[in-house]
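Dear colleague,

I am passing on the structure below, together with some notes on what came out of going through it. Please read the notes with the coordinates open beside you.

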Amino acid sequence: MSLPADDHVHSRFSWDAFAGDMEGTCRRAVDLGLPAVSFTEHVDFEAWSAPPGGWRWPEGVRGTIDGHGRFLGAPLEVEAYVAEVARCRDLFPALTIRTGIELDAGHRYPQEVADLLRTGFDRVVGSVHALADLADPGQFLEVSSAFAQRTAVDVVLAYLEQVREMVASDVRFEVLGHVDYPLRHWPAGLEVPWPELEEPLRHTLSVLAASGRALEVNTSLPLDLRIVRWWCEAGGDAVAFGSDAHSPGELGQRFREVARAVESAGFRPADDPTALWGRA
Ligand SMILES: [Zn+2]
Ligand SMILES: [Zn+2]
């Protein structure tokens, strides 16, 4: 089985990908035999409330902190990014290199999104990274910090509610990124209560299926296979694979075993190896 495209990759044009390197990532894609790579750089319009202990970003993270202590990731430098993609396309003609963005909560910023999308990106991944800040109404708190304000189950439920709101909106994105994002920050030693999460997850997947968008199988965690099965049962048509690499070494991580598992859950590659997977 040939490997799927990696449709969720960051380079140094993303505010948190200080180890990113587009050329190095493309070289690794060729070495791994990936048919395509989408550089879906972060685009954030929403500042996040400071976490309880204050910000502790690793050195190299780019952004601003306002007078209320809220952090906003640095904007995408679109021209420089597009120029770097063009340079890499020249260097690696056999590799399909897509432009893209990972759009955070785009449904709350329709005008900003419309302005940005005039650039014409090949792929837009829609993602949620923050929940309502219960201590500061109207503000948002990154999911990892939201566990300080809610039970672990309530973090997931609030997250899925945000996802459904975004998916039900008409903001442009083709792929829902990491529907399981809260599980990345799940408290150690606590079992994930799948029976309790099944119905809200299935509900979210059916809203996504109705929107005609694809589900991303993010391989950084990686996505639990039962969610992929529920996606198939919800009538989901397409699956994207994304490593969420923030450095060349993470590109295509776990792709071979995850692709095999996704195939067993009811999906298969399209005739075009660079395309999203469809239903078997
Ligand atoms: Zn993300
Ligand atoms: Zn990402």
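Strand β12 is joined by two bridges to strand β13 (residues 277-279), and the two run antiparallel; within this pairing, arginine 268 has glycine 278 of β13 as its bridge partner. Please keep in mind that this is a predicted model. Both strands belong to an open sheet of nine strands with mixed pairing, whose order is β1-β2-β5-β6-β9-β10-β11-β13-β12. The edges are formed by β1 (6-9) and β12 (267-268), each of which has a single partner strand, so that one side of each is left without a neighbour in the sheet.

The zinc sites come next. Glutamate 102 and histidine 129 are both buried.

The zinc ion (ligand 2) is coordinated at 2.1 to 2.2 Å by His8 (NE2), His10 (NE2), Glu102 (OE) and Asp244 (OD), with the donor residues spaced H-x1-H-x91-E-x141-D in sequence. Because its four donor atoms subtend angles of 82 to 170°, the arrangement counts as irregular. Histidine 8 counts as buried because its relative accessibility is 0%, and histidine 10 is likewise buried, with a relative accessible area of 0%. The two zinc ions, ligand 2 and ligand 1, are 3.5 Å apart, and glutamate 102 coordinates both.

As for annotation, an unreviewed UniProt entry lists residues 8-220 as "domain: PHP". Over that range the chain is 34% helix and 20% strand, and the C-alpha atoms at its ends are 10 Å apart.

Finally, how many disulfides does the model contain? The count comes to zero: cysteine 26 is in no disulfide, and the nearest cysteine sulfur, that of cysteine 88, is 4.2 Å away, whereas a disulfide would need the two sulfur atoms within 2.5 Å. Cysteine 26 counts as buried, since its relative accessibility is 0%, and cysteine 232, at 16% relative accessibility, also counts as buried because the cut-off is under 20%.

Conventions. Residues numbered from 1 in each chain as written. Chains lettered and ligands numbered in written order. Predicted model: local features only at pLDDT ≥ 70, side-chain atom pairs only at ≥ 80, totals over all residues. Heavy atoms only, no water. Buried < 20%, exposed > 50% of the residue type's maximum accessible area, 1.4 Å probe, protein only. Pairing = 2+ DSSP bridges. Helix = DSSP H or I, 4+ residues; strand = E, 2+ residues; numbered from the N terminus. UniProt positions renumbered as here; feature names shortened; annotations may be inferred. Donors = N, O, S within 2.8 Å, 3.2 Å for Na, K, Ca; no water. Tetrahedral: all angles 85-135°; square planar, octahedral: opposite > 155°, others 65-115°.
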